[in-house]
Amino acid sequence: MKKEFRNSLFLILTALVWGVAFVAQRQGGAAAGPYTFNCIRSFLGAAVLLPIIPFLDGRTQDRRPKTRQDVRRLWTGGILCGAVLFVASTFQQMGLYYGTTAGKAGFLTACYILLVPVLGILIGKKCRWNVWVSILVAVVGLYFLCLTEGFSFYISDVLVLLCAACFSVHIIVIDHFSPLVDGVRMSCIQFLICGVLGLVPMIGVEILQAPGGLQGWAEIFMTWDVWMPILYAGVMSCGVGYTLQIIGQNGINPAIASLLMSLESVFSVLAGMLLLHETMTRREIFGCVLVFAAVLFAQINPADFGNVCRRFSKKSGK
C-alpha cells in the first residue's frame, strides 16, 4: 500500500509537470517547428538522464541489467516506448501547430483515459466498476474544463485524437515493462529513440525547406523565446515527467494511472492562473471539481465501501 500510494503521488506530480508544459509546447512548436521542437527536447531529455543513472545506482537498489536477457528486455522496452512516444508527440505537436487550441488539445489528449481500460481488457487487465464510473465523470469534467467555447471539429483535432490513441498504447507498453527493467534507463533509451526518429522529419521538412536552408533554420535559435520552452519541455516534461510516469506506473492498474495523469488538464488551468494571472469561470471550476472527485472515487475499494455501508446499516438497525 505504501508503494502504491507513493507511485500515485509520482503520477500526480507527472500530471503537474505536463500541465505546466502545455504552454511551452504550444509556444516552442510555433517558434521552432513541431518536428524540431520534438527532436531537440527528446535529446535533451536523454542527456539529462544520463548522469542521473550512475548517481542512482550508487544510492538505491542496483537495477542494472545483469544478463543478456535483461539487456535485451531493457532495449526492447525502450525502443517500443520511444517509437510510440515519437508518433504520439508528433501527432500532438502537429495538431497544436495547425490550430487546435491548448484547451481543446488538453481535452482531446486526455481522452486516452477512455482507451486505456479498453486496451487493458484485451490484455487481461480488469477494472473495478468505480473506475469506469470515475472515467466517465472525468471525461465530463474535462469537457467543462477545456471546451469553453463549444465543440467544433477540424483536421488538427483529428491529429490530437490520434495522439490520444498513441498515448494509451504508450501507457500499456510501460505497464508491461516497468516492473521488469530500471525505469530511468528505459526512459533514457525511449528519449534517445524518439530523438533519432525525429531527426528524419526535422531535416527533411524543416531544415531543407527553411528559408535560407540550414543557416536560416539555425537563426531561429538566436533568441531565448525559443530556447525557454524547449528547455522546459526537454528537462522537465521529458527528463522528469516521463521518468516519473515510468516509475509511478510500476504496480498500478493502467486505467487508474491514466486517470491520475488526466489531472494534467486541471494543472494546466491552475498554472495559467498562477503564472499568467488568468481567471477561471464557474464552468471551469465545476470541471476541476468533477475531475478531482473522479480521481478520489477511483481510489476507493468497492469492497471496503460496502463493508462501511453494512456496518452503518447495522448500527442504524440497533
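Guide: A helix, as the word is used here, is a DSSP run of H or I at least four residues in length, and helices are numbered from the N terminus. The model is predicted.

Visitor: Which residues does Ile135 touch, not counting residues up to four places away in sequence?

Guide: Ile135 touches Ile113, Leu114, Pro117 and Leu259. A contact requires heavy atoms within 4.5 Å.

Visitor: What does the chain contain in the way of helices and strands?

Guide: The chain has 15 helices and 0 strands. It has 318 residues, of which 50% count as buried. Among contacts with a separation of 6 or more, 90% are accounted for by residues 24 or more positions apart. The accessible surface comes to about 15,800 Å², and carbon and sulfur atoms hold 69% of that surface.

Visitor: How do you know that the length of helix α2 agrees with its number of residues?

Guide: The expected span is 1.5 Å times one less than the number of residues. Helix α2, residues 34–49, has 16 residues and should therefore span 22 Å; its end C-alpha atoms are 23 Å apart, which agrees. The 30 residues of α4 should span 44 Å by the rule of 1.5 Å a residue, and the end C-alpha atoms of α4 are 42 Å apart, which also agrees.

Visitor: What makes α2 mostly covered?

Guide: In α2, 12 of the 16 residues are buried. Among them are Tyr35, Phe37, Ile40 and Leu49. The buried residues of α2 pack against α1, α3, α4, α9, α10 and α11.

Visitor: Why is α1 called roughly perpendicular to α4?

Guide: The two helices pack at an angle of about 70°, with their axes 9 Å apart. Angles of 65 to 115 degrees count as roughly perpendicular, so α1 is roughly perpendicular to α4. The contact is made by Phe22, Gln25, Arg26, Gly29 and Ala30 of α1, together with Gln92, Gln93, Leu96 and Tyr97 of α4. After α4 comes Gly99, whose phi is positive, near 125°.

Visitor: What makes Asp70 and Arg73 a salt bridge?

Guide: A salt bridge needs a side-chain nitrogen of Lys or Arg within 4 Å of a carboxyl oxygen of Asp or Glu. For Asp70 and Arg73 the closest N and O atoms are 3.2 Å apart, and the pair forms a salt bridge. Both residues lie in helix α4, 3 residues apart, about one turn of the helix. An α-helix has 3.6 residues a turn, so residues three or four places apart point the same way.

Visitor: Why does Asp70 count as partly exposed?

Guide: Partly exposed is the range between the buried limit of 20% and the exposed limit of 50%. Asp70 has 23% relative accessibility and therefore counts as partly exposed. Arg73, at 23% relative accessibility, counts as partly exposed too.

Visitor: How many salt bridges does a search of the whole structure find?

Guide: The search finds 2 salt bridges. Besides the pair in α4, the side chains of Asp182 and Arg185 meet in a salt bridge at 3.0 Å, N to O. Both Asp182 and Arg185 are buried.

Conventions. Residues are numbered from 1 along each chain as its sequence is written. This is a predicted model: local features need pLDDT of at least 70, side-chain atom pairs count only at pLDDT 80 or more; totals for chains, interfaces and linings use all residues. Side-chain values use heavy atoms; hydrogens and water are left out. Buried means under 20% relative accessible area, exposed over 50%, partly exposed in between (1.4 Å probe, protein chains only). Accessible areas come from the Shrake-Rupley method with a 1.4 Å probe; for residues, only the protein chains shown count as cover. Axes are lines fitted to C-alpha atoms, for helices over the stretch in contact, and angles run from 0 to 180 degrees between N-to-C directions. Angles under 35 degrees count as roughly parallel, over 145 as roughly antiparallel, 65 to 115 as roughly perpendicular and the rest as oblique.
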